[in-house]
Structures are given as structure tokens and as C-alpha cells.
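Visitor: Please walk me through this model. I would like to see the sequence and structure before we start.

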There are 2 protein chains.
Amino acid sequence: MSQFLNVVSPTEAIAIMSKNLSQVSSEIIDTDCSLGRVLSSDKVAEIQLPEFLRSSMDGYSVKASNTFGATEDLPAYLEVVGEIDMGHQVVPSISAGQAVTAYTGGMLADGADSVVMIEHTSMTGDGLLQVFRPVAKGENTIRPGEDFDFGDFIGKYGDVITTGTLGALLALGIDKVEVYRQLTVGVISSGDELVAPGVPTKLGQTRDINVYTIAAQIEKLGMGHVKFPLVEDNVESLQSAGMEALESCDALLYTSGSSLSSRDLTSQVIQSLGEPGVIAHGISVKPGKPTVLGITSGKPVIGLPGNPVSALTVFDFVVDPILRHISGRKTLPYQTVTAILQTDLPSERGRTDFVRVALKEIESSLTAVPIWGKSNSISVFSETVGYVQVSSEQSGLYKGTKVKVRLDV
Amino acid sequence: MSQFLNVVSPTEAIAIMSKNLSQVSSEIIDTDCSLGRVLSSDKVAEIQLPEFLRSSMDGYSVKASNTFGATEDLPAYLEVVGEIDMGHQVVPSISAGQAVTAYTGGMLADGADSVVMIEHTSMTGDGLLQVFRPVAKGENTIRPGEDFDFGDFIGKYGDVITTGTLGALLALGIDKVEVYRQLTVGVISSGDELVAPGVPTKLGQTRDINVYTIAAQIEKLGMGHVKFPLVEDNVESLQSAGMEALESCDALLYTSGSSLSSRDLTSQVIQSLGEPGVIAHGISVKPGKPTVLGITSGKPVIGLPGNPVSALTVFDFVVDPILRHISGRKTLPYQTVTAILQTDLPSERGRTDFVRVALKEIESSLTAVPIWGKSNSISVFSETVGYVQVSSEQSGLYKGTKVKVRLDV
């Protein structure tokens with residue numbers, strides 16, 4: 001089989017795969033445990049928050065009109081006719097000239113429309129409340145629905161549940177929430193030269209790390225993973241491991257050896273697993289060209305390149321968006337910082353380059369320092385914090401260019 | 001007890017607490033499961049990576065000198081005397097004029113010093129290898145130790161283990177790693193007006209969300225948490241819950257009601273739990289002033305303000321750095337983006353303000369949009385993505401100022 005029959009750009013790769021893959025199903029979970037999960041439908045407030053006119057200060061609930069004109073020299077005098085214990089439902093009423101003690105977060109008296117802060121009051125010897133500043137109607141209060149009103153959006157489908165969303169859901173009494181099922185991604189590693197990390201190597205052998213680094217990236221996405229034991233570099237072993245994986249997993253990644261024959265093997269195996277099979281054969285990126293994209297029974301099956309940095313790069317720019325798509329989450333912009341490129345980055349038109357960079361403060365400018373001369377080995381990844389992208393329309397980037405660095409966060 | 005006897009700046013708060021708190025102990029875990037954990041000692045490479053002269057291409061291992069001067073018109077002719085199967089230890093030797101098939105990631109023949117890419121060769125009818133381009137000594141190879149040499153740093157103590165670190169450790173055969181023990185943070189919530197989120201509210205009651213939002217922030221830091229059931233607003237209940245929590249937790253946070261009396265209670269309770277007790281009573285920040293900082297038996301015990309946004313803000317700017325300190329991780333710079341401030345932000349000298357902002361692209365400028373008029377309610381948090389800080393030396397920030405937005409990531 002010839003290599004790279006059908007080389008696509010990374011954007012095309014994501015689009016073709018996404019078009020042919022749908023979201024996983026949804027499930028109902030405790031809101032309390034939903035941090036990082038993805039809403040599968042819009043959530044709107046069905047009650048108001050606060051549910052009652054709430055004091056935002058410690059002080060006294062009053063009728064604002066009773067405080068108009070009050071000053072340090074000429075305070076307003078009010079009679080304190082009660083207090084509202086936090087969380088109790090006995091609500092005193094006030095008439096003109098009266099006040100009731102109010103607590104931050106608590107209710108106002110019936111008939112009160114504002115709160116005088118305790119700092120702006122004092123008690124006279126004979127038990128009258130002196131108010132030294134006027135308050136406007138509504139001052140130091142939170143009106144019902146001010147935080148959330150009926151029908152306000154808490155979150156939309158595809159939103160990741162943040163701390164703020166989780167808090168809003170719970171504050172609105174929503175203690176169960178429907179979210180997309182959490183993805184399980186299978187990772188199968190093969191390569192006759194590979195041994196598991198705990199095993200001493202013999203001459204010519206290399207420790208298999210891709211299965212672990214790829215699993216780590218999946219974990220960072222908040223998805224589950226199953227790491228299958230290292231399999232032999234032959235169609236039968238790769239195929240039977242793949243069939244097993246597809247029974248329990250929502251997506252399957254092969255990380256195989258880096259030689260041409262391994263790559264051939266991966267595409268044969270993906271083709272054999274089921275319809276439609278291989279979708280694209282190679283991506284016009286550097287590093288990571290020898291990537292095989294396939295779909296089997298509605299699940300993505302992707303053969304990653306063998307080189308550790310190539311595998312991680314393809315994961316970050318191609319697999320990550322595909323997995324986000326099927327996990328139901330809207331693709332959010334990645335975190336970037338702007339930095340000055342320290343060296344020229346030669347590239348080729350028609351190919352997208354992803355170059356790992358460190359960030360250094362040089363002469364008080366944030367500088368993107370490409371790491372070279374290490375043949376895309378794993379230290380490149382551990383010494384850098386993100387990627388600079390050279391788009392396929394560019395034949396390179398000059399030293400001194402302002403570049404966006406996509407951060408590993 | 002008077003409030004705010006001892007108000008400190010956020011920087012002082014972090015410094016005083018950190019000075020008096022030490023790191024948790026360390027433990028040895030599987031490297032495979034160490035993503036996000038913190039190295040408790042420097043890790044250096046004890047072997048070389050690669051361990052042998054490795055081919056970085058598919059092709060033929062040769063003596064570079066045998067290819068000098070080779071061109072399309074005048075190729076060099078070499079005799080292929082064998083191949084090196086991936087991962088097998090039988091290594092053929094070559095003499096002058098000979099070549100051995102090489103695979104990406106595999107070994108070179110004994111006596112070879114470089115690799116000719118397969119693309120730059122062809123076979124003649126009588127089985128001789130034609131080489132169309134010269135290679136330099138070392139070309140298309142990775143020398144032993146090029147990725148990691150003896151003594152190279154993989155990571156330093158206090159570093160969080162990233163995907164790159166994890167990959168490097170495993171590639172170097174380090175399948176167990178010593179890391180700081182994972183922190184468990186206890187969260188105790190009290191407030192007579194509060195009910196658990198799943199319970200219908202009565203008039204004047206509010207759902208307790210701080211315990212859940214704070215737990216979510218702890219989870220995001222990669223730490224464990226124990227949420228204790230809502231306790232009554234009295235010294236005995238808060239004290240006995242605190243004593244129970246301190247038996248199993250490395251740090252304790254109280255999130256109490258928002259009234260003055262609740263705050264008093266929290267500081268009494270922290271003082272009663274053990275020496276040295278309350279360290280600072282109030283922080284010069286907005287929001288979040290009514291925070292109580294204490295230490296008991298070498299563990300931080302912190303009383304957070306009752307307002308949800310105040311509690312989260314104090315967590316992010318004060319508690320987070322203290323927890324990072326005891327968890328052993330070096331305090332890394334937080335993720336920020338630069339944006340244009342959309343409105344004036346009035347503040348007061350001597351006080352640090354943290355204002356929640358949304359980010360919008362307005363007239364192709366990234367704009368920080370402060371969310372106002374919602375009395376620091378939870379929707380402020382769910383509608384925004386980060387903070388703008390107004391330092392204590394400033395009396396405010398003008399509209400149009402370039403500001404750093406600290407992102408919630």
C-alpha cells in the first residue's frame with residue numbers, strides 16, 4: 001500500500017472526522033460532582049435568585065423616605081421594633097419611623113425598602129436609632145431575581161461546567177444535571193523495538209512512552225482512558241486488540257512504531273476494523289505527517305506517529321479537537337500568550353508546522369525560544385511550554401516576529 | 001471581640017502563613033499515575049537517552065565518507081549486507097562500500113556513522129544500492145545522550161509533573177517517583193440561614209454553595225477535599241467539626257454566614273482550636289476583607305467570607321498560594337492575557353481590589369469587561385473568566401488602560 005495516498009491539512013482532518021462523528025449520549029449526574037463535565041442542554045433559571053429582597057449589609061432595614069435629609073448633625077431618629085434572625089421565617093413589619101435589625105444575606109422587614117449600614121448609625125441613651133446618612137430606595141439590598149431571574153441562562157449546551165456554573169446551578173436548587181457521558185479513549189501501543197517502562201532495555205530496545213503521554217493528555221481533557229498492553233507489530237495482534245478496545249471505548253488511538261512498515265500496518269489494521277475505515281492517510285503537518293485517520297462503527301480510530309513529540313503534537317492539534325467534538329464540548333479557544341520569536345523558523349508552503357518553544361523574559365520582552373537540535377525527542381516536550389504555529393500559507397517566520405504561543409494548559 | 005484587629009495585605013497574609021507552615025511529607029508512587037503531582041526532589045537522568053546511536057529516518061546506515069560527492073547523475077554505489085530488525089540485538093557490521101537497512105528509531109550497523117534516507121536511494125537491477133545525495137557524519141541519527149545525558153535534569157523539586165516530565169521519566173526507566181503527598185483540604189460550612197442545595201428553601205433561607213465552589217477550586221488544584229455536613233452557627237458545633245476535620249485533613253477552611261456575628265464566631269473557633277490560633281484578622285482586599293487566617297498544630301485554618309464571590313476571590317488570591325506552598329509546588333505564574341479595560345475601576349489606596357471581568361473582542365481589541373450591579377452574586381462568577389487586579393498603590397484604573405487579566409484556568 002502506498003503511503004500518503006490522501007494527505008489532508010489539519011483543518012480538513014478535523015472537519016472530515018467531525019462531520020462523520022456524532023456526540024456521545026448524555027447522562028444525569030449530581031451537580032456537586034459535575035466540575036469539568038459538559039452540559040448536554042441549555043440550563044436556565046427556573047426560580048429567582050435571591051428569592052427574596054435580601055440585605056447586602058449588616059444594619060437596619062428601613063423605609064428610605066424616613067432617612068432623607070439625615071446628616072451627622074441632624075440624624076434621623078427611628079424606633080427599632082425587632083430583628084430578623086438569619087434563616088427564620090418570622091418577618092416583622094415596620095411602619096413609618098420604624099426600623100428592624102438586618103443581617104448581610106438576610107431578609108428585610110415587611111414594609112422596608114432599603115438597609116442603613118450599621119456604621120452609619122448609633123443608639124441613643126434611651127434606645128432610639130440615630131441614622132447619620134440617607135439611603136436611597138433599594139440601597140444595600142439585592143432585589144429578587146437580581147442575581148438570576150426566571151429564564152436567565154446558567155449555561156448552554158456544550159459549555160464545560162466551571163466552578164461558577166456549578167455554584168450557580170446549586171444556588172438555584174439544581175442538584176442533578178444532564179451532561180454528556182464522559183468519553184473513554186483506548187490507547188494501543190505496538191512496536192517490536194518497544195518495552196514497557198519498568199523493564200530493563202536490551203541493546204536496540206526503547207521504552208514505550210507514547211501510551212503514557214497520550215493517556216496523560218486524555219486525562220488533562222477530563223476524559224477516561226484505557227491503556228492496552230503493548231502488542232506485537234502484526235496485523236492479527238493489532239486487530240484483535242483494536243476489536244477488544246472498540247467494545248468498551250468511544251475512540252481508539254494506535255501509537256505504533258515509527259518505521260514505514262509500522263505505519264503501513266496501522267492503516268491496514270484500521271481499514272480492517274470496519275466501515276468506512278481509513279478516511280485520510282497522512283496530514284500535511286510537521287511533525288506528525290504519518291498519521292492515519294479512520295472511523296469504525298461511528299468511532300474515531302486514529303494511528304499516531306511513533307515519534308513521541310510527533311504523537312503529542314498530532315494529539316494536541318488534531319485528536320484533541322475531534323475528541324472534544326464527540327464529547328459534546330464547544331471547542332474553546334486555547335490559551336495563548338504573545339511573544340517575540342527568538343530565531344527564524346523556516347517552513348514550507350502547504351505544510352503547517354508546530355514548533356515547541358520555551359518562554360523566556362529577554363530584555364523585558366516575553367520571548368519564544370524554539371528548542372532545536374534534539375530530533376524531536378521527549379526532552380523537547382519537557383523543556384518547553386507550548387507551540388508556535390507556522391501556517392501553511394507561510395514559508396516560515398522571521399526572528400523578531402510577534403507570535404502567539406499556544407500553552408500546554 | 002473587635003473586628004479587624006490586625007488587617008494585613010494579601011501579600012503579607014501569604015507570607016506570614018507560609019513562613020509558619022511547612023510542606024507535607026512525600027511518598028513514592030507509580031510514575032504512570034503521577035500527572036499533576038509535585039516532585040519532592042530533583043530528578044536527573046541516570047542513563048543516556050537514546051541508549052544507542054539511533055536512526056531518525058528509514059533508510060540505510062552507511063559510512064558517511066562513502067557518500068561524499070554523490071549526486072543524481074553520479075550516485076554512490078553500495079552493497080546492502082543486511083538489515084537490523086527493530087528491537088533485535090543482532091547487529092551486522094559494515095566495511096567500506098557497504099550499507100545495512102535502517103529503520104526510524106532503530107540501531108545503525110557497527111561501523112556506520114550516518115543514515116541515508118530511503119527517498120535518496122534506489123536499487124539497481126543487480127541489487128546494488130544507489131545513493132543520490134551525500135550525508136554528513138551523524139546525519140539522520142540521534143547520538144547516545146542527545147535527548148538526555150547522564151545528570152541532565154528531568155525536573156526539579158517543586159515542579160508539577162507535566163505530560164513531558166512523565167514521558168521523560170518513563171523513557172529513562174524511572175517507573176516510580178517520589179512526590180509530595182497529595183493534600184486533603186477540609187471544608188466546613190455553617191450559617192443558620194443556609195440549607196443544602198437539594199433541599200427546598202423556606203422564606204429567608206439560602207442554599208449553601210460555598211462548600212461546593214470551594215471544593216471545586218481545590219479539585220482544580222489537584223488536591224483532595226472533604227466536605228463536612230453543614231453545621232449550626234455556634235462555637236461548640238464549629239469547634240467539634242473543626243477538631244474532627246483536623247484529624248484527617250492537612251488544611252481546614254470555614255465558610256460561614258456573612259453577618260458580623262458569624263465572622264466573630266469563626267475567629268473565636270479558630271482561636272480555640274489550638275496554638276498559635278488566629279494570625280490575622282481581616283485582609284485589605286475587596287471583596288474578601290472579613291477573612292480570618294489561623295494556624296493550628298502546623299495546619300492552616302482559614303475562615304472565608306460568606307459571600308460566594310468574596311469566598312472564591314480570597315481562595316484564588318490567598319488560600320491557593322498557601323495551599324500550593326504546603327503542597328510543595330513552586331508557585332508558578334498564573335495564566336494571564338492582556339486586555340483593554342472597558343470602564344473606569346475606582347478603588348482606594350491601601351486596598352487591593354480584584355474585579356471579575358468577561359473578555360470580549362471589541363473593535364478587534366481584546367477588552368476586559370467588568371461585571372457590575374450584581375452585588376457580588378454567583379452569576380458574577382459564572383459570567384466572567386478572570387480577574388483584573390487594582391493594586392493597593394493605585395486609587396483606581398482608568399478606562400482604556402492595558403490590564404493583565406488573570407484567567408480561571
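Guide: A definition comes first: two strands pair if DSSP finds at least two bridges between them. Helices (H or I, at least four residues) and strands (E, at least two) are DSSP runs, numbered from the N terminus. This is a predicted model, in which local features need pLDDT of at least 70, side-chain atom pairs count only at pLDDT 80 or more, and totals for chains, interfaces and linings use all residues. Residues are numbered from 1 along each chain as its sequence is written, and chains are lettered from A and ligands numbered from 1 in the order in which they are written.

Visitor: Which residue stands opposite A:Thr101 in β6(A)?

Guide: Strand β5 (residues 76-83) of chain A pairs with β6(A) in the parallel sense, over three bridges. Opposite A:Thr101 stands A:Glu83.

Visitor: Which residue in β6(A) is the bridge partner of A:Gly59?

Guide: Strand β4 (residues 59-62) of chain A runs antiparallel to β6(A), joined by three bridges. The bridge partner of A:Gly59 is A:Ala102.

Visitor: How many residues of strand β6 of chain A are buried?

Guide: A residue is buried if 20 or more other C-beta atoms lie within 10 Å of its own, exposed if 12 or fewer, and partly exposed in between, with C-beta atoms placed from the backbone. A:Gln98, A:Val100 and A:Ala102 point one way, A:Ala99 and A:Thr101 the other way, and all are buried. Strand β6 (residues 98-102) is therefore largely enclosed by the rest of the structure, and the buried count is five of the five.

Visitor: Which element of chain B packs against the buried residues of α3(A)?

Guide: Helix α3 (residues 210-220) of chain A has nine of its eleven residues buried, so it is largely enclosed. Among those buried are A:Tyr212 and A:Ile218. They pack against elements of chain A, including β13 (184-189) and α6 (308-327), and, from chain B, α2.

Visitor: Which element gives the most to the side of chain B that touches chain A?

Guide: Contact requires C-beta atoms, placed from the backbone, within 7 Å. By that rule, 66 residues of chain B are in contact with 66 residues of chain A. Among the elements giving two or more residues to this side of chain B are α3, α6 and α2 (163-171). The most, eight residues, comes from α2(B).

Conventions. Contact = placed C-beta atoms within 7 Å.
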